[in-house]
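Please look over the model below before reading on.

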Amino acid sequence: MIFNAPDIAWAQLTPVLFPLGAAVIGVLVEAFAPRAARRPTQLALSLLALLGSIVSVGLLWPDVRDTGGTEVLGGSMLVDGPTLVLQAVIALLALLAVLIAADRTSTGEDAFAPQAASVPGSGYEESARRAGLQQTEVFPLMLFATGGMMIFPATGDLLTLFVALEVLSLPLYLLTGMARRRRLLSQEASMKYFLLGAFASALLLFGIVLLYGYSGSLRYSDIAAAVTTTTGMDGLLLVGALLVLIGLLFKVGAVPFHSWTPDVYQGAPTPITGFMAACTKVAAFGALLRVFYTVLPGMRWDLEPMMWTVAIATMVVGTVIALVQTDVKRVLAYSSIAHAGFVLTGVIALAQSGITAVLFYLLAYGAATVGAFGIVSLVRERATAEVPEAARASLGVAVAAGVLPAGSDTTTGADPVDDADAPVLGEATDLSQWAGLGRTHPVLATTFALFLLSFAGIPLTAGFTGKFAVFSAAVDGGAWPLALIGVLASAAAAFFYVRLIVLMFFTSPQGGPLSDADADATTRPRTVVVVSQGYAVAAIAVCAVLTVLLGVLPGPVLDAIAEVAVFLP
Amino acid sequence: MSLTHYLVLSGILFSIGAATVLLRRNAIIVFMGVELMLNASNLALVTFSRLHGNLTGQVMAFFVMVVAAAEVVVGLAIIVSIFRTRKSASVDDINLLKS
């Protein structure tokens, strides 16, 4: 028996090899490097790997533009135009997210638990905190997730799709549970995300099995061919396609598979929330686009009722529930659900312009999301009175556990003292705590307002261009009712973005229109903005520049994407 | 025995697994339901592989086993850390995050 070595086109794989290779090296660094050297090494390694990814996408670009792309690894991965665009977007957003996650701010502590294995509130946790321990494993985990995300939209068969889904999900489950503060919430979010995510991937797997049973192959092109030729097993095909779509829609966070989104976004460490919200969505929509455009176009009429229902429900539910949220991370979570609905209209369009529109929308949405969560991670609350050292550490836990109502103080009855030395606690996520931020920190609040306007789709921001492109693609594809509902939902959504802006700029910090803030405004922890080490500010600045540039001058980017936006069959 | 019987068995196992996930309250049991769903898929993969006369399904089954093992590692780590904090693995007790 002769063993034929497979022919592997390494050059086409470099964008993926960079983060995955660096992640493996990062694990070795964790094992062998001295503790003091780990953080700088990991950070440099992660940034270089992601930069390398972006550069190699740039080097592959001219070739793919001219030839339309190639199959690599025997057709398991397809390096074509949409793949390159998505990989570049994911690498860029991951780079920004890593910068935000790396920022230790003026408090000297990052967003992650000193020892994720320690029990919240225990002496072990406290001693780990005092010793200044930190989980630098965060960086390799983020790189593994990024690698999986970059493979996910490039897959050419269902086996790779499943493996990539797990490679991107498993690190995210862990990262979700690693928050430094409010650890009970964080662990709870992690468990919910894990159980629901594992359930969804089991459904996806069974869908893959049924499609394999139907067509006898896992390859996208073979399945697409079988859809038009094979007869008599429509049940297998239909159920299989539905289950695969459900698995992908879960990752996207579309209604009715969205229930994990707000909880996980709220509980996860904020830099990770930004990473998840942006990069996972880009990757999942990439995979959904490819499956929808290359595997299942023959089933268009069978799947349309379901996809239309999901898209409409996603837009409406995301918008309506966001209106009544009082936590800024939950507002952004529901807004991301609504955005998933807007992108779905472009996916359903099944028109050539839909691919370009979705790819552009994902870039615009991702930039604003990473930036917005970066800003949330800088706005903190400060204890209002002298809190004993031991209580300081457990305060976050106690609030999280519901022992104390959020915002109350451990030393009840003591007068609140605005003490500059009081410890800075977790993020001030309650909306009332954001009141008046525009007066005290105008630059930060203005940048946040810019991201919100982009979410709302106000002209001259990237969000407007994205929404316009997606909705016009939907009209091109004959899905004008979806575009109409999308426009109406955007108008309703603008209300809560503007409400947040009004809260920041036109409301005094002592309360105001928000009634629940009046009663305990004086006992509430003061809102402070911690000073970034520079990483987070740089990342937020890049996001802001992208948001403005893509809004004012979208032409070159749209043209560049449109040039390559053709899927390999 | 016809190969269809294996497919029916796989479907039954998958349904039991899904029902376990949706109905049971202990996180470990829920997780076992997920594992049952994965293994039901494996059975169907191998059966289809035999039906179609190619090895793709069997190769996929091996990948699923590896993925399931990795999932166990991550899942049990999360469940154990929650259990050590709260002395409970019930999914009803984790209800701090609410809208």
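1. Two strands pair if DSSP finds at least two bridges between them; helices (H or I, at least four residues) and strands (E, at least two) are DSSP runs, numbered from the N terminus. In S4(A), Val424(A) is the bridge partner of Arg382(A). S3(A) and strand S4 (residues 424-427) of chain A run antiparallel, joined by two bridges. Strand S3 (residues 379-382) of chain A is also joined to strand S5 (residues 526-529) of chain A, antiparallel, by four bridges. Here Val379(A) has Val529(A) as its bridge partner.

2. The model is predicted: local features need pLDDT of at least 70 and side-chain atom pairs pLDDT 80 or more, while totals for chains, interfaces and linings use all residues. Residues are numbered from 1 along each chain as its sequence is written, and chains are lettered from A and ligands numbered from 1 in the order in which they are written.

3. The contact (C-beta atoms, placed from the backbone, within 7 Å) takes 37 residues from chain A and 34 residues from chain B. On the side of chain A that touches chain B, H7(A) gives the largest share, 17 residues.

4. Helix H7 (residues 183-215) of chain A packs with helix H2 (residues 27-52) of chain B at about 15 degrees, their axes 9 Å apart. Axes are lines fitted to C-alpha atoms, for helices over the stretch in contact, and angles run from 0 to 180 degrees between N-to-C directions. H7(A) and H2(B) are therefore roughly parallel (angles under 35 degrees).

Definitions and conventions
Angles under 35 degrees count as roughly parallel, over 145 as roughly antiparallel, 65 to 115 as roughly perpendicular and the rest as oblique. Two residues are in contact if their C-beta atoms, placed from the backbone, lie within 7 Å.
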